[in-house]
Amino acid sequence: MIKAEINDIELKNHLDSLEADKMRMFMMADGRVRGALFHGSRFVNQIRAQHKLGILETYILGQASMCAALTIPMMKDMEHTVIKYEGSGPADGYSVEADSTGYVRGYLYNDKIPVKQALDNWNLSPFLGPGNITFSRIHKDDKYPQSSTVDVDGDNIAKDFATYFAQSEQINTAFNSSIQFDKEGRVVGAGAMYLQIMPITGGTAKVGSQVDSHQEEDFDMEELLTKVENAFKACPSLGLLYSEKEVDSEDIILGLFREFNPVITLKRDIVYDCKCNEDYYLNYIKHLPKEQIEDMKKNGPDPLEIVCRNCGSVYKIPLSKI
């Protein structure tokens, strides 16, 4: 990937003053609940710079990409996931990919979404519209991906991801993502979080090891999970929180879930990146039909300009290299 520069000096100074982008994974409630919190302010700004996006487009692709990043802690071994949304609205949809190594990439099907009037809220129904979301997972030794599709409303990306996990994976999972813009339309804060209820046979030796996975939750456990859900819903805008210089991710986790004894198990980098490079496209061109290559050499253009749809990188390849 050719990394696009962020040239707005005021924005760069603001980002430099914030806590570093990181994902923090945690467990709580005696192992019954796992989750992750991702600070993605620079991450979303890099997406915007790569694809040269407007505010609405940044909001959609930024949230989809952060939610995709939250699936990385759920991956087993070496795994790569492609998440596609196909909607009925003018935005058409998006494609985002997340890899267990920690990189995310993606693009909008329509990166110039028509907006007919000023937005008074962030309901995405007029733009994404009802549609379906497909998760395609492939592991290291798989020949073909394993795919599953569910219908979603398309009004809220985090809710669409939660609907997928509830229907396809049958795992209670909650997602929360937000992006904060300033008065000039700059992304000044971005973050996302998920919580997932583990099966009753999971968790610690104290809870789960001697329990039938099919038995119903007892009253105390139901009460606990209700409290966890209410704490999650009480989370203020993560984008707004991360736009404030003094905010710390660990304080957010402890502040929201203190009564459930959260333990941060791992911190890791998540980056917006793409494996594309000039050699990849040059090799592709060299394998085109001979007559097509001859036509390019004769009629140009020179250099050839190739844009990677996954990251927006522009490669200008001289015909002399073909």
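Biologist: Leaving aside its neighbours within four places in sequence, which residues is Ile60 in contact with?

Modeller: Ile60 contacts Ala91, Tyr94, Leu108, Ile113, Leu124, Leu128 and Ile157, where contact means heavy atoms within 4.5 Å. This is a predicted model, so local features need pLDDT of at least 70 and side-chain atom pairs count only at pLDDT 80 or more, while totals for chains, interfaces and linings use all residues. Residues are numbered from 1 along each chain as its sequence is written, and side-chain values use heavy atoms, with hydrogens and water left out.

Biologist: Which residues of the largest nonpolar core touch the most other members?

Modeller: They are Phe43, Ile60, Tyr94, Ile133, Ile157, Phe161 and Phe175, out of 68 residues in this core. Helix α3 (residues 55–70) gives the most to this core, with 10 residues. A nonpolar core is a set of buried Ala, Val, Leu, Ile, Met, Phe, Trp, Tyr and Cys residues joined through side-chain atoms within 4.5 Å.

Biologist: Why is Cys276 called buried?

Modeller: Buried means under 20% relative accessible area and exposed over 50%, with partly exposed in between, using a 1.4 Å probe and protein chains only. Cys276 has 8% relative accessibility, so Cys276 counts as buried. Cys311, at 0%, counts as buried too.

Biologist: How do you know that the buried residues of α1 line one face of the helix?

Modeller: In helix α1 (residues 9–16), the buried residues are Leu11, His14 and Leu15. Seen down the axis of α1, they fall within an arc of 95°, so they line one face; the arc is that of the directions from the helix axis to the C-beta atoms. The face turned away from the buried side carries the exposed residues Ile9, Glu10 and Asp16. Among the elements covering the buried residues are α2 and β9.

Biologist: What makes β8 and β10 the edge strands of the open sheet?

Modeller: The sheet has 5 strands in the order β8-β9-β2-β1-β10, with antiparallel pairing. Two strands pair if DSSP finds at least two bridges between them. β8 (173–181) and β10 (263–268) each pair on one side only. β8 pairs with β9 (residues 187–197) over 9 bridges.

Conventions
Helices (H or I, at least four residues) and strands (E, at least two) are DSSP runs, numbered from the N terminus.
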